[in-house]
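Open the model in your viewer and keep the selection tool at hand. This tour goes stop by stop, and each stop says what to select next.

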Amino acid sequence: MPWCEPCAKYFVPNALTIEGGCPKCGAVVGQSDINGRSIDPLVTAKTLDLRALASTDGQDEKAPWHFKLLVSALVIYISWRVVSLFI
Ligand SMILES: [Zn+2]
């Protein structure tokens with residue numbers, strides 16, 4: 001949670017300026033996690049990299065086996081419902 005030292009106040013991340021500064025005094029506030037350690041670099045609207053957040057470190061995300069089983073069962077069930085219309 002961003003902490004402004006001159007104002008002695010916490011801010012929600014959405015309350016900060018676009019540059020990541022305090023909305024009252026304009027000082028650049030550091031973001032820290034719940035244990036008080038600073039998070040570096042500061043994530044703002046300009047520094048947010050969605051591609052980096054969405055990357056999977058080169059590992060292919062595979063569908064889990066139970067999803068494939070459910071899709072197969074659904075296809076069999078729908079096929080049977082179509083066949084049963086004509087029986
Ligand atoms: Zn401030």
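**Start with the whole chain**

The protein averages a pLDDT of 81, and 78% of the residues score at least 70. Here pLDDT is the predictor's confidence in each residue, from 0 to 100. This is a predicted model: local features need pLDDT of at least 70, side-chain atom pairs count only at pLDDT 80 or more, and totals for chains, interfaces and linings use all residues. Residues are numbered from 1 along each chain, as its sequence is written.

Now show the cartoon. It has two helices and two strands. From the N terminus on, the order is β-β-α-α. Helices (H or I, at least four residues) and strands (E, at least two) are DSSP runs, numbered from the N terminus.

Colour by confidence next. H1 has the lowest mean, at 75. Helix H2 (residues 65-84) has the highest, at 97.

How much of the protein is buried? Buried residues make up 6% of its 87 residues. A residue is buried if 20 or more other C-beta atoms lie within 10 Å of its own, exposed if 12 or fewer, and partly exposed in between; C-beta atoms are placed from the backbone.

Consider contacts too. Two residues are in contact if their C-beta atoms, placed from the backbone, lie within 7 Å. Among contacts between residues at least 6 apart in sequence, 25% join residues at least 24 apart.

**Select H2**

Pick residues 65-84, which form helix H2. How many of its 20 residues are buried? The count is zero, and H2 is hardly covered. Check the length from end to end. At 1.5 Å a residue, the 20 residues should span 28 Å, and the end C-alpha atoms are 29 Å apart, which agrees. The expected span is 1.5 Å times one less than the number of residues.

**Select alanine 8**

Go to the loop between strand S1 (3-4) and S2, where alanine 8 lies. Its phi is near 55°, a positive value in a residue other than glycine. Alanine 8 is exposed, because 7 other C-beta atoms lie within 10 Å.

**Select valine 12 and proline 13**

Move on to the loop between S2 and H1, which holds valine 12. Proline 13 lies in the loop between S2 and H1 as well. Valine 12 counts as exposed, with 8 C-beta neighbours inside 10 Å. Proline 13 is partly exposed, with 14 other C-beta atoms within 10 Å.

Draw two C-alpha distances. Valine 12 and proline 2 are ten residues apart along the chain and separated by 6.7 Å. Proline 13 and threonine 44 are 31 residues apart in sequence and 8.4 Å apart in space.

**Select alanine 27**

Finish at alanine 27, in the loop between strand S2 (9-10) and helix H1 (50-54). Is alanine 27 buried or exposed? It counts as exposed, because it has 12 C-beta neighbours inside 10 Å.

Which residues does alanine 27 contact, leaving aside its neighbours within four places in sequence? Show Cys4, Pro6, Gly21 and Cys22.
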